[in-house]
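Morning, everyone. Here is the model I want to walk through today. Please have a look before I start.

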Amino acid sequence: MTNLPPLTEALKAELAALDALPDEAIDTSDIPPLTEEFWGEAVRGKYYRPTKTATTVRIDSDVLAWLRRQGPGYQTRLNAILRREMLAALKKG
């Protein structure tokens, strides 16, 4: 996270004025419509990068050896396997 300078009173007043504007008063004429083609090419979470947490986990030796035999990046592969399983479980509900 970037350390931003504190807001001045003038900027706070400007933000408050913008916040008070009703949606109808906002000119959106320069925003192109979002087409089916746009959404067809959209990628969810393209710029999302989850935070990492260091932890200690007990893993069976043969599982760890198998991951390491595949070359560098075994922790990334382990995370990908766990994420795939997490998403599948979430999808099932």
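**A loop, a pocket, a patch and a salt bridge**

Let me start with Pro72, which sits in the loop between H3 and H4. Helices here are DSSP runs of H or I with at least four residues, and strands are E runs of at least two, numbered from the N terminus. Pro72 is exposed, at 83% relative accessibility. On that scale, buried means under 20% relative accessible area, exposed over 50%, and partly exposed in between, with a 1.4 Å probe and protein chains only. Pro72 and Leu15 are 57 residues apart along the chain, and their C-alpha atoms are separated by 49 Å.

A word on the source. This is a predicted model, where local features need pLDDT of at least 70, side-chain atom pairs count only at pLDDT 80 or more, and totals for chains, interfaces and linings use all residues. Residues are numbered from 1 along each chain as its sequence is written, and side-chain values use heavy atoms, with hydrogens and water left out.

Helix H3 (61-69) and helix H4 (74-92) each supply at least two. By type, the lining has eight nonpolar, seven polar and three charged residues.

Stay with Asn79, in helix H4. Asn79 is partly exposed, at 33% relative accessibility. From Glu37 it is 42 residues away in sequence and 33 Å away in space, C-alpha to C-alpha.

Next, helix H1, residues 9-20, which holds Leu18. Leu18 also belongs to a nonpolar surface patch of about 510 Å², together with Leu7, Leu11, Leu15, Leu21 and Ile26. Such patches take residues with over 30% relative accessible area and no salt bridge, nonpolar side chains being joined within 5 Å.

How many salt bridges does the structure hold? One. The criterion is a side-chain nitrogen of Lys or Arg within 4 Å of a carboxyl oxygen of Asp or Glu. Glu9 pairs with Lys12, the closest N and O atoms being 3.6 Å apart. They are three residues apart in H1, so about one helical turn separates them. Glu9 is exposed, at 59%. Lys12 is partly exposed, at 41%.

Conventions
Nonpolar A, V, L, I, M, F, W, Y, C, P; charged D, E, K, R; others polar. Patch = residues over 30% accessible without salt bridge, like charges linked within 9 Å, V, L, I, M, F, W, Y side chains within 5 Å. Areas by Shrake-Rupley, 256 points an atom, 1.4 Å probe, with all protein chains shown as cover.
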